[in-house]
Amino acid sequence: MTQLQTLTQRADFLRAARARRAPVPAFLVQARRRCESEGVDPQAIRVGFTCSKKVGNAVARNRAKRRLREVARAILPLEGRPGWDYVLIGKAGDTAAQPMETMRADLSRALRKLHR
RNA sequence: GCGGAGGGCCGGAUGGCCGCGGGGGGCAUCCCCCGAGGAAAGUCCGGACUCCCUGAAGCAACGGUGCCGGGUAACGCCCGGGCGGAGCAAUCCGACGGACAGCGCCACAGAAAAGAAACCGCCCCGUGCGCGGGGUAAGGGUGAAACGGUGGGGUAAGAGCCCACCGCGGGACUGGCAACAGGACCGGCACGGCAAGCCCCACCGGGAGCAAUGCCAAAUAGGGACCUCGCGUGCGCGUCACAGGGCCGCUUCAGCCCGAGGGGUCCGGGUUGGCAGCAAGAGCCCGCGGGCAAUCGCGGGCCGAGACGAAUGGUCAUCGAACCGGGGGCGACCCCGGGGAACAGGAUCCGGCUUACAGGCCCUCCGCGCAU
RNA sequence: GCGGGUAUGGUGUAAUGGUAGCGCCCUAGCCUUCCAAGCUAGUCGUGCGGGUUCGAUUCCCGCUACCCGCU
């Protein structure tokens with residue numbers, strides 16, 4: 001199993017935003033394969049989380065990010081691909097309300113779609 | 001029992017498994033401990049702590065505060081008191097200094113909106129009956145606001161013109177630390193409102209903010225600081241005197257620097273990363289004592305987050321408030337099923353204020369009704 | 001973290017403390033064979049809650065939303 005790394009640089013988020021994306025009811029997934037020139041470990045899977053002010057106040061944003069992290073922790077080490085960056089974006093309401101089982105299944109389906 | 005007023009507190013609970021942030025022990029897997037709030041929020045005030053600015057005093061400008069006393073590190077906060085207003089009351093509310101320092105404004109209406117004046121009136125005199133001269137401010141109406149009110153005397157008609165009471169102004173003296181209250185006696189009606197208009201008075205205030213600031217490492221580019229030799233004008237050529245300019249907005253005093261370039265030494269600034277700041281504090285709990293209280297003193301005990309794309313989640317079980325449906329009971333209430341918890345999360349820290357908050361608990365007090 | 005500004009009909013904007021105007025839009029009528037233009041009339045408003053004042057869009061306080069700086 002590959003260890004997950006967390007995205008922290010704004011530039012990484014901007015590059016991911018220009019890449020492929022897949023919407024599901026509870027959130028939006030962006031994914032891209034990194035270039036060799038970026039100097040990151042080619043075996044690493046990296047993931048970032050974004051919840052804008054549209055999601056709600058600080059409590060709602062933190063709760064949405066925690067649920068996204070839980071989903072990523074369960075699915076990405078098994079179904080994510082080494083050398084790729086993923087960004088999960090929270091939505092107002094749905095990210096906090098959807099059942100976890102549904103969210104895990106949605107992420108699996110979104111990953112299959114993005115890897116094609 | 002019904003209605004109301006004030007204050008304090010809680011604000012889902014317990015456990016299993018998989019995970020998250022920090023600390024400690026082993027340092028091989030692993031084990032142990034700790035881990036959001038009363039508002040953590042808004043950033044509206046006050047500080048601590050750092051760095052920056054030559055210093056002191058006065059003045060000016062700008063901003064803030066504004067009844068009195070106390071508390072406090074400080075405050076625009078809190079407590080107590082005074083005054084005014086609301087309420088039957090408990091109690092609540094109040095930007096509550098100054099309108100004889102000056103300026104300004106008071107629309108419309110009205111004769112007149114502020115050193116008073118006189119539209120309709122009333123009265124007297126003159127008269128050529130059109131009115132003219134004079135007295136007056138009781139009556140009329142306007143307005144948010146009209147230059148004391150009521151009654152009597154008085155008068156040509158009237159008027160604090162005079163008198164009584166009320167109001168108003170001054171006020172010896174008394175009580176109180178004070179705000180203020182009472183008030184002998186005097187005056188004889190003058191002194192409209194607005195300072196959340198400018199302003200005056202008293203008091204307070206330097207600027208920036210933990211992304212402050214300090215240290216370390218890497219890589220990059222060529223600006224500043226210090227030391228040394230030396231320097232303006234005058235003459236009687238000296239360890240002399242005299243300027244000039246600059247350093248807080250202004251003034252005074254004190255102090256400092258520049259004014260000539262050459263040589264040498266050292267470092268700043270921007271970028272990225274790490275460490276410190278960074279959590280034992282105006283701290284919390286208990287007891288005793290002072291004080292009406294805010295709060296203060298003493299003694300004992302405790303350690304309760306420290307991240308930096310930023311930690312509390314997922315799942316299961318048990319219990320569970322509001323609320324909904326059904327049933328029983330005169331009623332308080334009880335039983336069954338459903339349901340599944342408000343506002344909201346640290347980012348240097350602390351004291352306040354303000355705003356948001358489902359529901360529940362406790363204490364004290366007031367009014368009305370009933371019973372004794 | 002520190003600070004500033006704005007909010008007025010559907011829209012863009014005015015208003016020394018004294019009746020909230022103006023252009024476009026919309027509705028109706030006139031004009032025209034019809035449409036457009038033009039003319040006439042009309043509807044629609046001070047972000048919210050308090051306070052000062054006789055009277056508040058304006059002055060003061062507290063919220064809400066949006067926008068903009070600095071670090």
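Modeller: Happy to! One term first: a polar contact is a pair of N or O atoms within 3.5 Å; within protein, one atom must be able to donate a hydrogen and the other to accept it, and residues adjacent in sequence count only if both atoms are side-chain atoms. This is a predicted model, in which local features need pLDDT of at least 70 and side-chain atom pairs count only at pLDDT 80 or more, while totals for chains, interfaces and linings use all residues. Residues are numbered from 1 along each chain as its sequence is written, chains are lettered from A and ligands numbered from 1 in the order in which they are written, and side-chain values use heavy atoms, with hydrogens and water left out.

Now to the RNA. A residue is near a strand if one of its heavy atoms lies within 4 Å of it. Around RNA strand B there are 18 residues, and Leu7, Thr8, Phe13, Arg67 and Arg69 come nearest. From the RNA side, 60% of the atoms within 4 Å of the protein belong to sugar or phosphate, and the rest to bases.

A polar backbone atom of leucine 7 is 2.4 Å from a sugar or linking oxygen of RNA strand B. For phenylalanine 49, a polar backbone atom is 3.3 Å from a base nitrogen of the RNA. At valine 59, a polar backbone atom is 3.3 Å from a phosphate oxygen. The elements that give two or more residues to this surface are helix H1 (10–17), strand E4 (45–50) and helix H2 (58–79); here helices (H or I, at least four residues) and strands (E, at least two) are DSSP runs, numbered from the N terminus.

By residue type, the surface divides into six nonpolar, five polar and seven charged residues. In this scheme Ala, Val, Leu, Ile, Met, Phe, Trp, Tyr, Cys and Pro count as nonpolar, Asp, Glu, Lys and Arg as charged, and the others, Gly among them, as polar.

Stepping back, chain A has four helices and five strands, following the pattern β-α-β-β-β-α-β-α-α along the sequence. The C-alpha atoms fill a box of roughly 40 × 25 × 20 Å along the principal axes. Buried residues (under 20% relative accessible area; exposed is over 50%, partly exposed in between, with a 1.4 Å probe and protein chains only) make up 40% of the 116 residues.

Two residues illustrate both ends of that scale. Proline 23, in strand E2 (residues 20–23), counts as exposed at 54% relative accessibility. Leaving aside its neighbours within four places in sequence, proline 23 is in contact (heavy atoms within 4.5 Å) with Leu28 and Lys113. Histidine 115, by comparison, sits in helix H4 (residues 100–115) and counts as buried at 15%. Beyond its neighbours within four places in sequence, histidine 115 is in contact with Glu79, Gly80, Arg81, Trp84 and Tyr86. With tyrosine 86 there is also a polar contact between the two side chains, at 2.9 Å. The C-alpha atoms of histidine 115 and proline 23, 92 residues apart along the chain, are separated by 14 Å.
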